[in-house]
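Trainee: Could you walk me through this model, one feature at a time? I would like to learn how to read each kind of feature.

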Amino acid sequence: MNDKIIIFDTTLRDGEQSPGASMNTAEKLRLATQLEKIGVDVIEAGFPAASEGDFEAVSKIAATIKKSEVAGLCRTSIKDVQRAWDAVSCAVKPRIHTFIATSELHMKYKLNMSSDEVVKSAQDAVRFAKTFTSNVEFSAEDGSRSDPDFICRVFEAVIDAGATTVNLPDTVGYAVPEEFYKKIKYVIENTKNIDKAVLSVHCHNDLGLATANTLAAIRAGARQAEVTINGIGERAGNTSLEELVMSLKTRPNFYPFTTGIDTTGIYPLSRLVSMITGIMVQPNKAIVGANAFAHEAGIHQDGVLKNPMTYEIMKPETIGLSSNKLVLGKHSGRHALDSHLKKMGHNLSKEELALVFKKFKELADKKKSVMDEDIEAIVTEGVLQTTDVFVLEYIQITSGTTVRPTATVEIGINGRNVSDTDYGNGPIDAVFNTIIKLTGTKSELLRFSVSALTGGTDAQGEVTVRLREGGLLALGRGADPDIITAGAKAYINGLNRLEYLKAHPVDAI
Ligand code: KIV
Ligand code: ZN
């Protein structure tokens, strides 16, 4: 029987540390439910001591998720560990995940602690965490740049204190596969009590090597991999779940390991993460990019038609990408929509379904065929957004080669409707100027991008914006057959996310 690799997903914690990728509690809950559904073993739900918002989201996820373990991250202080426990305690399978840095650089400049103090702090935190739960993970932050003998010493101490998982992160994405393989082997061979814990790795992608390093670590003996959907995460991101799981599945002779992941849920989950966070997947991204299964060269197309295996090492259906994505039209009923939503992994309440059905009908009136991507956009906009401060009610644009671009916009602000008109050097500029006038907001637009959700000239435009206000950064996204309306939706979505961040300040961590 092949060894099972424990899949620890940190999309909701490290993934949320991607610049601008903040998620509200409803969005996190939806994602956690889908992560559980595809068979993720451990869901890292957040960092409860970081903010009230994080605490609330972790608690709600802990109360909802039944099959996966739910982990809360904390530093080694008693206050942090207590906070993590308070947030995950109602989970069926709670886990406390505590960490402290172990590299010379971090201990000296960041922590201002001696190595003895770090060992004691790590051990005390694990001991305290063990008073709450038997399931405790310890991470040696900046592990890949730490002295391997010191890692062994820390791991031995925390395993003695009761840690059941010890994690060696490549925090800054500095490791390379051969070296990381040797480091993991060394730690396994030189930590006396390592047989009492699962060895885990957590890799970052600064050199584009996160998946390769994780695979090397697994070959060396690691049995838990920390990953995120679409590889989102701090800076260049983390090892991506889909790349790791599909590497193991596609090359079983080289990697004789299994995972509990239902790979057909990968593509829908990738789309959901990108919808929720506003972080688009690059077209050439392995496994889930728009071009991952597209064959451009004539020779390739010919080969694939004769036998897909000539140029395809994986079947698109394996990741839940069906070639037959045409779904519904204006005559489709509520039942057909509901059953299709369920296939896509959305189990909606009666009220949510009614809302999505209404929006679906509106779209089907404008667009001949409604595709999976359209339905995802409707669900994201209609169901996942919490009580927003700003709501777009109405928009009218005048634009063209001979008129000055003008926008009239009506929005609801905390339930009160206001409207105004303004100009701009183009229709988007006019709309954004009007929204700024109405809301009195002072954010800076850092990025604006537009793409089509599906093919066809009647496709919905999808706009993403990146906004900054003070030190806060937020992404906003919106979709509509009218790209100016999509832009207005995206801008308002970004403003709402900024409001959410203002209402849920994150402590300096
Ligand atoms: O990158 C890192 O070191 C982390 C730890 C907290 C596990 O995210
Ligand atoms: Zn990390």
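Trainee: Which elements do the buried residues of H9 pack against?

Mentor: First, the ground rules. This is a predicted model, where local features need pLDDT of at least 70 and side-chain atom pairs count only at pLDDT 80 or more, while totals for chains, interfaces and linings use all residues. Residues are numbered from 1 along each chain as its sequence is written, chains are lettered from A and ligands numbered from 1 in the order in which they are written, and side-chain values use heavy atoms, with hydrogens and water left out.

Mentor: Now your question. Helices (H or I, at least four residues) and strands (E, at least two) are DSSP runs, numbered from the N terminus. Contact means heavy atoms within 4.5 Å. The buried residues of H9 pack against E2, H8, strand E9 (224–227), strand E10 (257–258) and helix H10 (266–277).

Trainee: And how many residues of helix H9 are buried?

Mentor: Buried means under 20% relative accessible area, exposed over 50%, and partly exposed in between (1.4 Å probe, protein chains only). Helix H9, residues 241–250, has 7 of its 10 residues buried, so read it as mostly covered. The buried ones are Leu-241, Glu-242, Glu-243, Leu-244, Val-245, Met-246 and Leu-248.

Trainee: How should I think about directions along a helix?

Mentor: An α-helix has 3.6 residues a turn, so residues three or four places apart point the same way.

Trainee: Let's turn to the ligands. Which residues surround ligand 1?

Mentor: A residue is near a molecule or strand if one of its heavy atoms lies within 4 Å of it. Around ligand 1 you will find Arg-13, Asp-14, Phe-99, Ser-139, Glu-141, Asn-167, Pro-169, Thr-171, His-202 and His-204.

Trainee: What coordinates the zinc ion?

Mentor: Donors are N, O and S atoms within 2.8 Å of the metal (3.2 Å for Na, K and Ca); water is not among the atoms, so sites may look incomplete. Here the zinc ion, ligand 2, is coordinated by Asp-14 (OD), His-202 (NE2) and His-204 (NE2), at 2.0 to 2.1 Å. Along the chain these donors follow the spacing D-x187-H-x1-H. Asp-14, in the loop between strand E2 (6–9) and helix H1 (25–37), and His-204, in the loop between strand E8 (198–203) and helix H8 (210–220), are 190 residues apart.

Trainee: Are Asp-14 and His-204 buried or exposed?

Mentor: Asp-14 is buried because its relative accessibility is 3%. His-204 is buried too, with a relative accessible area of 3%.

Trainee: What does the side chain of Glu-376 contact?

Mentor: Glu-376 sits in helix H14, residues 372–382. Its relative accessibility is 8%, so Glu-376 counts as buried. The side chain of Glu-376 makes a polar contact of 3.1 Å with the side chain of Arg-271.

Trainee: And which side chain is joined to Glu-462?

Mentor: Glu-462 belongs to strand E17, residues 461–469, and is buried at 5% relative accessibility. A polar contact of 2.9 Å joins the side chains of Glu-462 and Arg-477.

Trainee: Where does Asp-142 lie, and what is its phi?

Mentor: Asp-142 lies in the loop between E6 and helix H6 (148–160). Its phi is positive, about 60 degrees, although Asp-142 is not a glycine.

Conventions:
Polar contact = N/O pair within 3.5 Å; in protein donor to acceptor, adjacent residues only side chain to side chain.
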